Amino acid sequence: MTDLKIRNIVIVGGGTAGWMVAAGMAKLLRDDDIKICLVESDAIATVGVGEATIPHILYYNRLLGLDEDEFMRRTHATFKTGIEFVNWGRKGQSYIHPFGPYGANMEGLHFHHFWMRYDHMGKAPPLDNYSLMIQAARIGKFQRPDTRQPNSPLSAIAYAFQFDAALYARYLREIAEKGGVKRTEGKIVRVSQHAETGHVQSVSLESGEVIPGDLFVDCSGFRGLLIEQTLQSGFEDWSAYLPCDRAVARGCERVGPPLPYTRATAKSAGWQWRIPLQSRTGNGHVYCSEFMSDDAALESLNRDLDGAPISEPNFLRFKAGVRKKPWNKNVVSIGLSSGFLEPLESTSIHLVQTAVARLMTNFPDKLFNQPDIDYYNRRTQLEYEQIRDFIVLHYHATQRDDSPFWNYCRTMEIPKTLLERLQIYQENGRLYRHDNELFNEVSWLAVLHGQNINPKRYHPIADILPEAELESRMRRMEANVATSLDLMPLHQAFIERHCKSRD
Ligand code: FAD
């Protein structure tokens, strides 16, 4: 019988995506018969500005066997409990999208319906009073969840990290190499394909070295060396929904203790991120070139830095969208080569992680069964679309009319899937999590409520509780958050105690 086993895997690219894939595969494919080789070129820079993440990264780090405190020290990481959005709904307003819940669901209904009823009664304090993560972020407190108290908000703490992505890639490289991944330095100058099937057979380096493979993982970044330049897999362009196409990034000195959240401040033609690390603060201005020049974008970024700049500005260009066939023949694209959604909700590194998991689930043999590939591609497309809708919501759900950019975003046509969701919520406050999508009801509520989109009615079943009972439960929940907050240490103190970086 023909040997169908994949024995040679070639990962093209050693940015965050390449090394995440390499470390993940080394861990999951513990088979002496499978060789994994990663090719990267020191002459081609990585993007490496990705610094903010979402809670799912904890699973990846655990899978790789990383000790969390050591990971924090090595990557100069801080904890992240949410994102503060400034000036998005209206200028002068701000809200936090928290990682943990608001209050607690009751009678099988989401908490926010009860809060809305309480609000209709004229008694509700701000929704934020029911979120421990928001309250803690506002005063710079942090701790890991305390599972010994299952009924306390302390047990529901959820967090992610803000870290130096280049240091993360370096750390994962060590793990991957220890796990048997062979790194080859060199620029790929030629790709050979099978004459009949078109499958990639090998890549050739400037040095003349030829690297053959059965399966190729394209982590070559925006250029998509194999998936696009070789296989022309196509790109679905979403720039009509997400028109920002440039960014300029720059680090600055940290001023004051690092805050446990990322800030995204809306500007006249885009937004600026601020990501506090232990060693510095990462900043960047994402903007739309149709409405703002590079010079103006840099000037605006410089003006709003917290501290003195410590790096030269790094300009980047991109287009929002997804590869039409992220897996084509024997090439699977992962990372920026497979698509791009701007970092407003810090999702790119997460998309690398889920792509690795999906590739493992659908791991091929040399027959490369097309229905498996089609399934992988459909799931990838759906995942990108769901995140796209959530990001588009931030731009569209605005009352800003102070610049041509915001006028465009407020009035643009939006995906039907998002329109339907908005129509349902605006009528009766119902929120759904489709098909186990990444962002749950809490996330949608945070952005909708934070950007002044208020439903006409709440769910009728919220009336099931007698008024006095509702009031007593709501008071108890608010008090629980306040008591828990008192018990939490400062974020800075927590880092110093557990995971302060040494350099
Ligand atoms: P790259 O970093 O571009 O790496 C490409 C690799 O391919 C390099 O090693 C290069 O040497 C190699 N290569 C290319 N061509 C060749 C060749 N011919 N021969 C040999 N090697 C080659 N993500 C988040 O999760 N959170 C964030 O906050 C965040 N912020 C971002 C902000 C901006 C402005 C941008 C653009 C992205 C952001 N991202 C963020 C995304 C994140 O930076 C990327 O997803 C991540 O860095 C992965 O990039 P990559 O490895 O796919 O590509």
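Residues are numbered from 1 along each chain as its sequence is written, and side-chain values use heavy atoms, with hydrogens and water left out. In this predicted model local features need pLDDT of at least 70 and side-chain atom pairs count only at pLDDT 80 or more, while totals for chains, interfaces and linings use all residues.

The chain is assigned a domain 1 (8-50 + 163-239 + 320-386) and a domain 2 (246-317); such bounds come from an automatic or database domain assignment. Their C-alpha centres are 29 Å apart. Contact (heavy atoms within 4.5 Å) links eight residues of domain 1 with 10 residues of domain 2. About 710 Å² is buried between the two domains, 69% of it from carbon and sulfur atoms; buried area is the accessible area (1.4 Å probe) that two parts lose on being put together, summed over both.

One salt bridge crosses this interface, the term meaning a side-chain nitrogen of Lys or Arg within 4 Å of a carboxyl oxygen of Asp or Glu. Asp164 and Arg280 form a salt bridge, with their closest N and O atoms 3.2 Å apart.

Around the ligand there are 33 residues, and those that come nearest are Gly14, Val47, Ala52, Ile188 and Ile349; a residue counts as near if one of its heavy atoms lies within 4 Å. A polar backbone atom of Ala52 is 2.7 Å from a ligand nitrogen, and one of Ile188 is 2.9 Å from a ligand nitrogen. For Ala17, a polar backbone atom is 3.0 Å from a ligand oxygen. Taken alone, the ligand exposes 1,000 Å², and the protein buries 98% of that (Shrake-Rupley method, 1.4 Å probe).

Terms used. Polar contact = N/O pair within 3.5 Å; in protein donor to acceptor, adjacent residues only side chain to side chain.
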